[in-house]
Amino acid sequence: MSKISRRRSRPEIEKTPSDLTLIEESSFINADSVHVDNKVAEKNSTESELTKSNNSSLLVNQPSAIKWKNWYVRSVMSIVMVSAFMGILTAGPLWVVLLVIMIQTMVYREVISIAYNYTRNQDRVPWFRSMNWYLLGTTNYFLYGESIIQYRTVYLDQYLLPLAQHHRFISFMLYCIGFVLFVINLKPSYRYQLSMFAWTHMALYLIIFTSHFTINNIFEGLIWFVVPVSLVICNDVMAYIFGFFFGRTPLIQLSPKKTWEGFMGALITTLIFAFFFTGLVAQFPYMTCPVNKLTTNAFAQHSCSPNLVFVPHEYKLPPPLMTVARWLVWREVKTVWVYPVQFHSLALAMFASVIAPFGGLFASGVKRAFKIKDYGVLIPGHGGVTDRMDCKLFMCVFSDLL
């Protein structure tokens, strides 16, 4: 017999239905695992791309020519705005109130416009923009009327007393008129019109109502307006400076240019600035006295019974701080005179550094949603008015409640 004939052929193994099921399941599992691996790879690729994008957005990684040009433009405009603010502050409380009203109106206009322009091709509600301004006027009438009634800064009782007695009823009826007109003018595409109506009310709540607390702070004493605003400005400036020179670690994906280095550097410097700046401002009655006359100014004589937080107290230093004081001034210091309001300012500084920036992040989220870079182009290097006021919205509310 030949070798071939002597070889036994290997019997074929018959596959049972259960074996076929196992093979199909294993193939499906392999396919699913490959699909999952592809998803993981895509996710990792996306994360790496986002990381690269964030790193390229950091100020330290931008080309020197562009970076320093932006630095110059922002610095010049910041000096101009701070100088204008100091001039208006010197002119008196009336001009400060008018400044707040002007800023809130400009912010309201920018916020309403981005939603209105984004949906340009939608069916328009007749007189809808007029409706926005009507609701703004109604809200301001209610809020500023409340402030005038509460603080009695204007004494025209023979003319305003009837309005003051029925102020809330009149305000409510004015709002009802606007609401009825809106409903009457509703047309098809209701979702767009109702979304714009909701957007208007969000703007009124976040901008106009918070500005009302700013006005109240001014009437309580200019220091309660100047210090919170200055702390937000300080935090914003120092976050930019620390991020400009040292920023390496992105803080949040929503705003790629913000860094942990800028956040921590701004926090520390704002706390230091708050303590010493408040101690300086608390020495002037023009800043600490409640506003009884809107037409006064910084050059007039001011006197009032000071609040206890504006009366300096002597505090004994603990041993660690005595050591630090000896190292700083080269002599032994056991006690210091401090205004109690300086400790209040530390709470304000913490809020300005930790919570208030989320107002800016919220504004950044709105810009991402509407695919715009800035809210406007009024301030070179900064954008619109909203881009500079976003962090101050909640700060004025916290100052009033504190």
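**Surface, rings and helices**

Tutor: Let's begin with one side chain: Phe-242 has 23% relative accessibility, so it counts as partly exposed. The cut-offs are under 20% relative accessible area for buried, over 50% for exposed, and partly exposed in between, using a 1.4 Å probe and protein chains only. One caution: this is a predicted model, where local features need pLDDT of at least 70 and side-chain atom pairs count only at pLDDT 80 or more, while totals for chains, interfaces and linings use all residues. Residues are numbered from 1 along each chain as its sequence is written, and side-chain values use heavy atoms, leaving out hydrogens and water.

Student: What is the relative accessible area of Phe-246?

Tutor: For Phe-246 the value is 51%, so that residue is exposed. Both Phe-242 and Phe-246 lie in helix α9, four residues apart, or about one turn of the helix. Helices here are DSSP runs of H or I with at least four residues, strands are runs of E with at least two, and both are numbered from the N terminus.

Student: How many helices and strands are in the protein chain?

Tutor: The protein chain has 16 helices and four strands. Buried residues account for 38% of its 402 residues.

Student: How many aromatic pairs does a search of the whole structure find?

Tutor: A pair of aromatic rings is described by the distance of the centres and the angle of the planes. Rings of Phe, Tyr and Trp (for Trp, the six-membered ring) pair if their centres lie within 6.5 Å; planes under 30 degrees apart are stacked, over 60 edge-to-face, and the rest tilted. Searching the whole structure gives 23 aromatic pairs. In one of them, Phe-242 and Phe-246 have ring centres 6.0 Å apart and planes at 45°, so the pair is tilted.

Student: How are the planes of Tyr-315 and Phe-343 arranged, edge-to-face or stacked?

Tutor: Those two rings have planes at 80° and centres 5.5 Å apart, so they are edge-to-face. The pair links distant parts of the chain, with Tyr-315 in strand β3 and Phe-343 in helix α13 (residues 340-354), 28 residues apart. Tyr-315 is partly exposed at 30%, and Phe-343 is partly exposed at 40%.

Student: Which residues form one aromatic cluster?

Tutor: The cluster is formed by Trp-68, Trp-71, Tyr-240, Phe-242, Phe-244, Phe-245 and Phe-246.

Student: At what angle do helix α3 and helix α9 pack?

Tutor: Axes are lines fitted to C-alpha atoms, for helices over the stretch in contact, and angles between N-to-C directions run from 0 to 180 degrees. Helix α3 (residues 64-91) and helix α9 (residues 223-246) pack at about 170°, and their axes are 13 Å apart. That makes α3 roughly antiparallel to α9; the classes are under 35 degrees for roughly parallel, over 145 for roughly antiparallel, 65 to 115 for roughly perpendicular, and oblique for the rest. On the α3 side, the contact residues include Trp-68, Trp-71 and Phe-85, and on the α9 side they include Tyr-240, Phe-244 and Phe-245. Contact means heavy atoms within 4.5 Å. The contact residues divide into eleven nonpolar, one polar and two charged. Here Ala, Val, Leu, Ile, Met, Phe, Trp, Tyr, Cys and Pro count as nonpolar, Asp, Glu, Lys and Arg as charged, and the others, Gly among them, as polar.

Student: Which residues does a disulfide join?

Tutor: A disulfide is a covalent bond between the sulfur atoms of two cysteines. The test here is a pair of cysteine sulfur atoms within 2.5 Å, and the whole structure gives one disulfide. This bond joins Cys-289 to Cys-304, with 2.0 Å from S to S. The torsion about the S-S bond of Cys-289 and Cys-304 is about -90°, so the disulfide is left-handed. Both cysteines lie in the loop between α11 (285-288) and β3 (313-316), so the pair ties together parts that are 15 residues apart in sequence. Cys-289 is buried at 9%, whereas Cys-304 is partly exposed at 35%.

Student: Where is Ser-345 found, and what is it in contact with?

Tutor: Ser-345 is found in helix α13 and is buried, at 1% relative accessible area. Setting aside neighbours within four places in sequence, Ser-345 is in contact with Leu-231, Ala-274, Phe-275 and Thr-278.
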